[in-house]
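User: I have a structure here that I'd like to talk through. Could you take a look with me?
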Amino acid sequence: KVYTDYFFDEPAYNVHDGGYVPLKKAAAAPSQLRIPPLLKPDKETRSDTYYTVTAQAGETQFLPGEKTKTWGFGLPFLGKTIIFEKGKSVHINLQNKLSELTTFHWHGLNVSGPIVDGGCHAPVYPAETNKIAFKVDQPAATLWLHAHPCPSTAEQVWKGLAAMVIVKDKAESKLPFPRKYGVDDIPLILQDRKFHAHNQLDYNADYDPDGVQGPTAVINGTVNPYFDVTTQRVRFRILNGANRREWRLHFSDDLQFTQIGSDGGILPEPVAFTHLMLTCAERAEIIVDFGKYHPGDEVTLYTDDVPLVTFKIHEFEPAEVKLPEHLAEIPNPEVTPDTPIHRVVMSGMDEEVMLDGKKFDMQRIDAKQKIGSVELWDIVNTNQKEGGMVHPYHMHGIQFLVVSRNGHAPYPNEHGFKDTVGVNPRETVRLKVWYDKPGVFMYHCHIIEHEDGGMMAQIEAYDPKHPQTYKLMDMETL
Ligand code: C2O
Ligand code: CU
Ligand code: CU
């Protein structure tokens with residue numbers, strides 16, 4: 001079966017917002033898609049890997065003429081791709097060379113909170129370096145790193161503080177997937193920006209409490225990119241790294257593709273699509289088979305009707321690969337009629353956004369859940385069907401399972417681990433949630449301006465045998 005629709009509620013698409021900024025083709029010559037280089041470890045042993053990640057300012061050539069002042073992790077814009085191997089211990093120096101504080105949040109990584117997780121309680125001040133260490137303890141997946149200093153996450157991500165993180169493991173390495181980074185295993189970080197006078201970003205000028213958007217698509221930091229296809233099959237790790245924009249992806253000729261992974265790892269079964277919508281912070285790993293094309297042909301990836309990337313087909317070796325019907329084992333812990341149901345309500349739009357009727361407070365712990373205990377979480381979006389928004393709901397520190405949408409089966413690509421799920425207006429999405437690392441963790445809407453605007457709360461995952469106290473930041477101590 002090939003799925004040909006986007007699944008989410010059309011009346012809630014961002015195109016209907018008053019503040020919607022349509023994408024326009026940029027006045028820039030096509031240029032080769034930037035592939036972020038891999039971050040090299042400082043040191044590596046059989047069991048441990050040591051990295052330094054540096055938040056820094058730089059300049060990026062997006063458009064002809066003046067360069068744009070940007071921020072990045074070890075690069076002028078975005079960051080080097082970081083690879084973690086399951087089972088290894090990782091040690092990271094988090095270095096801040098910016099002129100303001102930032103944090104290093106590992107979105108999707110199964111680590112303790114709030115310090116290793118890197119949300120707003122883990123500031124790294126200018127000219128300082130903090131150290132974190134953790135064991136990589138989750139299946140192969142496409143995750144990301146981004147700044148998370150509340151309430152300026154959105155502005156720092158807009159300036160460029162985001163990077164792709166890839167977890168590898170043995171199970172994934174046995175599957176017949178392309179995995180030559182930069183050749184047939186390609187990150188696609190989808191973002192949009194507005195360039196003002198002298199090609200500069202101006203977050204405050206573009207501010208919209210429902211999420212900042214720009215008319216220019218920027219893919220891996222490239223405006224108007226093309227990619228040279230030199231293999232029949234290419235795997236794309238697609239990340240919606242935009243502050244607010246939804247991407248409704250499809251290829252020219254309605255070329256079919258196969259989704260093999262979602263936020264938290266490989267799907268139990270491959271799912272064939274012609275159209276795929278990603279809400280903010282969601283990831284999809286897809287494999288595209290260019291087998292029916294010939295050297296000189298071009299294939300285009302679109303969002304709605306706007307071209308994003310042109311794929312130039314070159315000579316390649318034929319590679320007929322049939323994916324197994326079953327890809328990965330996803331644990332599915334039992335629930336009983338006594339399983340607690342935790343309700344989360346996302347309400348409002350613009351400055352009115354709230355979570356459970358409240359604005360985020362860094363000092364307030366809104367919920368507790370015991371390590372290892374499984375709960376059902378009902379995530380409710382109370383927006384109106386007409387004129388409401390799809391709110392992408394995200395939880396730190398874990399991967400969850402999507403049980404149902406308004407009592408119905410989740411979408412066909414929601415049967416694997418996820419950490420972000422788009423919730424339609426008037427919808428209740430039921431999740432299965434368990435923590436296995438202690439800490440204080442945020443959960444929030446991932447339209448980043450909604451998160452900064454207070455549509456966020458935090459939970460303590462606790463181990464009754466090892467009670468802990470946490471030093472929670474507040475705006476003043478920052
Ligand atoms: Cu992408 Cu609070 O995170
Ligand atoms: Cu996160
Ligand atoms: Cu929202």
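User: Is Asp 185 buried or exposed?
Analyst: This is a predicted model, and in it Asp 185 is buried, with a relative accessible area of 2%.

User: Which residue does Asp 185 meet in a salt bridge with closest N and O atoms 2.8 Å apart?
Analyst: That partner is Arg 237, which is buried as well; the pair links distant parts of the chain, with Asp 185 in strand 13 and Arg 237 in strand 17, 52 residues apart.

User: And what about Arg 235 and Asp 185, how far apart are the closest N and O atoms there?
Analyst: Arg 235 also forms a salt bridge with Asp 185, at 3.9 Å, and because Arg 235 lies in strand 17 (residues 233-240) and Asp 185 in strand 13 (residues 185-193), this pair ties together parts that are 50 residues apart in sequence. Both belong to a network of salt bridges that links Glu 172, Arg 179, Asp 185, Arg 235, Arg 237 and Glu 285.

User: Switching to the copper ion, which protein donors does it have?
Analyst: The protein donors of the copper ion (ligand 2) are His 105 and His 394, each through NE2, at 1.9 to 2.0 Å. His 105 lies in strand 9 and His 394 in strand 29, so the pair ties together parts that are 289 residues apart in sequence; His 105 and His 394 are buried.

User: What lines the largest pocket?
Analyst: The largest pocket, with a volume of about 320 Å³, is lined by 13 residues, which divide into seven nonpolar, two polar and four charged. Strand 22 provides the largest share of that lining, three residues.

Note on methods:
Residues numbered from 1 in each chain as written. Chains lettered and ligands numbered in written order. Predicted model: local features only at pLDDT ≥ 70, side-chain atom pairs only at ≥ 80, totals over all residues. Heavy atoms only, no water. Donors = N, O, S within 2.8 Å, 3.2 Å for Na, K, Ca; no water. Helix = DSSP H or I, 4+ residues; strand = E, 2+ residues; numbered from the N terminus. Buried < 20%, exposed > 50% of the residue type's maximum accessible area, 1.4 Å probe, protein only. 1 Å grid on protein atoms, 1.4 Å probe; cavity = no way out; pocket = protein on both sides within 12 Å on 5 of 7 lines; lining within 4 Å. Points joined across faces, edges and corners; volume = space filled by probe spheres on them. Nonpolar A, V, L, I, M, F, W, Y, C, P; charged D, E, K, R; others polar. Salt bridge = Lys/Arg side-chain N within 4 Å of Asp/Glu carboxyl O.
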